[in-house]
Amino acid sequence: MALNDALTDVSGIRVGHARLDGEGALSGTTVVLAPEGGAVAAVDVRGGGPGTRETDALDPRNLVQRIDAVVLTGGSAYGLDSASGVMAWLEEQGRGVPAGREPGQVVPVVPAACVFDLGRGGDWRARPDASTGRAAVEAAAATTAGAPVEEGSVGAGTGAVVGRIKGGVGTASTVLGDGTTVAALVVANAAGSALDPGTGVLYGRHFFGATPVTPAPEIHAAALHRLAEASERNGAPPLNTTLAVVATDAELTRSQAHKLAGTAHDGIARAVRPVHLLNDGDTVFALATCTRPLDGHPLALNAVLAAGADVVTRAIVRAVLATGSVHGPGGDFPSYTELYGEGQGDPTGARPAHGGAD
């Protein structure tokens, strides 16, 4: 496990969150800012209802070699406007693809993806815009190198829901035997469930290497009753999406980064069931800062691929454990810790529940 067990353990990566203010607002934006000079990037989209921007630019057959930022946002397709605020900030810094005759004449390429959280705070029209994106990238730029990443109901995870329980932002990292760092940041907002209905154990907990503690039967029965009450109030589940950014300091080609984005989806499938449905927009971005040479053996990438899926699973569990409940005009979304208690916390060190609103 790396220093902060966070995406920022990949040297040069910074993360910033911005949350909407105002009554009825429950949404926000998260920006992953690459180091100066950008990062090799790729994307893999597997959900049947994605909302994305500039993802075609990441195809290895196309022109752009490196990008400077990735935007994860609430607000469904409306929230993709937050990327324009990030573009404006990057242009001011002279960061982007050189496109003019003069220095600083650049076009920043800012891939973005959104989650559905419309109306979860009560106001359908409360969604991120360019100012939210700018606030998030400025927050990222203001952090120090290797800073901890806030988890829970923050940024793009402010209004996130996983199945019938509150979701949010989670992050995790690992250091491989050769010193390579692999890390993930996830916005857990899935149509599927993170919760085993038979036991109350989070699915992803089975992949931590230790047998998870099973909640007492009476606690689990009470939790299911509570969730049934919340579902009756909330009505039919809406569109959802799980987003992830997987990063490494390994020197990857664009094709290798694309493979990393693809295999990282396995991490979602371990922690959420079912996944990649028609009402999901599950999307994984991969970033490589390329500061550590990859072993020349043809199969050297395998360790990075396996680690990418592992940290995504842990990040989803941490997202669920780090968030607080939301009970408001837009719905009743209990947190896992409200249902099962703090004793079901993450043995890998998820921070306390954050960001709930009653």
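Author: Two rings of Phe, Tyr or Trp form a pair if their centres lie within 6.5 Å, with the six-membered ring used for Trp. Planes under 30 degrees apart count as stacked, planes over 60 as edge-to-face, and the rest as tilted. The model here is predicted. A search of the whole structure finds two aromatic pairs. One of them joins F116 and W124: the ring centres are 6.1 Å apart and the planes stand at 65°, so this pair is edge-to-face. A pair of aromatic rings is described by the distance of the centres and the angle of the planes.

Take the partners of that pair in turn. F116 has a relative accessible area of 12%, which makes it buried, because buried means under 20%. W124 is partly exposed, at 44%.

Rings can also sit under a charge. R270 lies over the face of F207. The distance from R270 to the centre of that ring is 5.5 Å. A second case involves R273 and Y203. Here the charged end of R273 sits over the Y203 ring, 4.4 Å from its centre.

R273 has another feature. Its peptide bond to P274 is cis, with omega about -15°. Most peptide bonds are trans. P274 belongs to the loop between α4 and β14, a strand covering residues 283-292.

Helix α4 covers residues 254-271 and helix α5 covers residues 301-322. Their axes come within 7 Å and cross at roughly 40°. That angle makes α4 oblique to α5. The crossing is right-handed. R270 is one of the α4 residues that make the contact, and others include Q256, K259, L260 and T263. On the α5 side the contact residues include L301, V304, L305, G308 and I316.

E251 is partly exposed, with a relative accessible area of 45%. It touches Q256, C290, R292, P293 and L294, with residues up to four places away in sequence left out. Q256 is also among the α4 residues that meet α5. E251 and G24 are 227 residues apart along the chain, and their C-alpha atoms are separated by 44 Å.

Go back to D117. Is D117 buried or exposed? It counts as buried, at 3% relative accessibility. Beyond the residues up to four places away in sequence, D117 touches L26, S27, G74, G75, S76 and G159. D117 and N240 are 123 residues apart along the chain, yet their C-alpha atoms are separated by 7.6 Å.

Helix α1, residues 82-92, and helix α2, residues 130-142, have axes that come within 6 Å. They cross at roughly 50°. The two helices are therefore oblique to each other. Their crossing is right-handed. From α1, the residues in contact are S82, S84, G85, V86, A88, W89 and E92. They meet A130, G133, R134, V137, E138 and A141 of α2.

G48 is another loop residue. It is found between β3, residues 40-45, and β4, residues 52-53. G48 and A135 are 87 residues apart along the chain, and their C-alpha atoms are separated by 30 Å.

Two backbone details remain. Most residues other than glycine have a negative phi. D5 is not a glycine, but its phi is positive, about 50°. D5 lies in the segment before β1, residues 14-19. It is buried, with a relative accessible area of 3%. E54 is not a glycine either, and its phi is also positive, about 60°. E54 is in the loop between β4 and β5, a strand of residues 69-73. At 35% relative accessibility, E54 counts as partly exposed.

Notes: Residues numbered from 1 in each chain as written. Predicted model: local features only at pLDDT ≥ 70, side-chain atom pairs only at ≥ 80, totals over all residues. Heavy atoms only, no water. Buried < 20%, exposed > 50% of the residue type's maximum accessible area, 1.4 Å probe, protein only. Lys NZ or Arg CZ within 6 Å of the ring centre and 35° of its normal. Axes fitted to C-alpha atoms, helices over the stretch in contact; angles between N-to-C directions. Helix = DSSP H or I, 4+ residues; strand = E, 2+ residues; numbered from the N terminus. Parallel < 35°, antiparallel > 145°, perpendicular 65-115°, else oblique. Left-handed = near helix turned anticlockwise from the far one by under 90°. Contact = heavy atoms within 4.5 Å.
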